[in-house]
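User: I am new to this structure and would like to learn how to read its features one at a time. Could we go through them together?

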Amino acid sequence: MNEKSSESHILTESTNAAHVLAGFRYQLLQSIAALITLGENETLHLEVSEDFSITAPGRATDHQVKNSQAVAGPPSYSLQSGLVRDCLARFWEVSSDGSVERRLVFMARGGAAVERG
């Protein structure tokens with residue numbers, strides 16, 4: 001690999017790392033905001049069933065947090081998006097026992113996509 005090719009490879013890796021770090025930062029900030037606003041008898045759980053969950057006796061709210069710093073802007077999401085479908089499948093699985101009231105929050109910086117068909 002020549003010097004110019006090597007520099008290009010390093011730049012690409014650092015750019016990709018910046019996007020990943022920005023995603024972790026956004027998730028961390030959302031988790032901290034949830035921690036600050038916890039109500040009485042509420043508990044914050046990080047990285048259990050989703051990115052974070054808030055539980056209280058008899059109820060749970062799972063939060064999936066998505067961030068994108070793509071050049072074209074944040075992606076849009078729909079019920080046909082793989083990430084949304086996977087999130088809903090996990091939610092369905094954990095809520096099927098009916099032991100507590102469960103809610104799901106999908107937080108994304110992108111907008112809603114337009115469904116076709």
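User: Which residue is the bridge partner of Leu44 in S2?
Analyst: In this predicted model, Leu44 has Ile54 of strand S2 as its bridge partner. That pairing belongs to a set of 4 bridges that join strand S1, residues 43-46, to strand S2, residues 52-56, and the two strands run antiparallel. Together S1 and S2 form a hairpin with 5 residues between them, and in the turn Glu47 has a positive phi of about 55 degrees. As a general idea for reading strands, the side chains of a regular strand alternate between the two faces of the sheet.

User: In what order do the elements of the chain run from the N terminus on?
Analyst: The order is α-β-β-β-α-β, which gives 2 helices and 4 strands for the chain. Of its 117 residues, 22% count as buried, and among the contacts with a separation of 6 or more, 49% are between residues 24 or more positions apart.

User: Which residues of H2 are buried, and what do they pack against?
Analyst: Val84, Cys87 and Phe91 are the buried residues in H2. Seen down the axis of the helix, the buried residues of H2 fall within an arc of 65 degrees, so they line one face. These buried residues pack against S3 and S4, whereas the face of H2 turned away from the buried side carries Trp92 and Glu93, which are exposed. As for its length, H2 has 14 residues and reaches 20 Å from its first C-alpha to its last, close to the 20 Å expected at 1.5 Å a residue.

User: How is a pair of aromatic rings described, and how many aromatic pairs does a search of the whole structure find?
Analyst: In general, a pair of aromatic rings is described by the distance of the centres and the angle of the planes. Here a search of the whole structure finds 1 aromatic pair. Tyr77 and Phe106 form this pair, with 5.2 Å centre to centre and 70 degrees between the planes, and the arrangement is edge-to-face. The pair links distant parts of the chain, since Tyr77 lies in the loop between strand S3 (59-66) and helix H2 (82-95), while Phe106 lies in strand S4 (residues 101-108), 29 residues apart.

Terms used: Residues are numbered from 1 along each chain as its sequence is written. This is a predicted model: local features need pLDDT of at least 70, side-chain atom pairs count only at pLDDT 80 or more; totals for chains, interfaces and linings use all residues. Side-chain values use heavy atoms; hydrogens and water are left out. Buried means under 20% relative accessible area, exposed over 50%, partly exposed in between (1.4 Å probe, protein chains only). Contact means heavy atoms within 4.5 Å. Rings of Phe, Tyr and Trp (its six-membered ring) pair if their centres lie within 6.5 Å; planes under 30 degrees apart count as stacked, over 60 as edge-to-face and the rest as tilted. The expected span of a helix is 1.5 Å times one less than its number of residues. The arc is that of the directions from the helix axis to the C-beta atoms. Two strands pair if DSSP finds at least two bridges between them.
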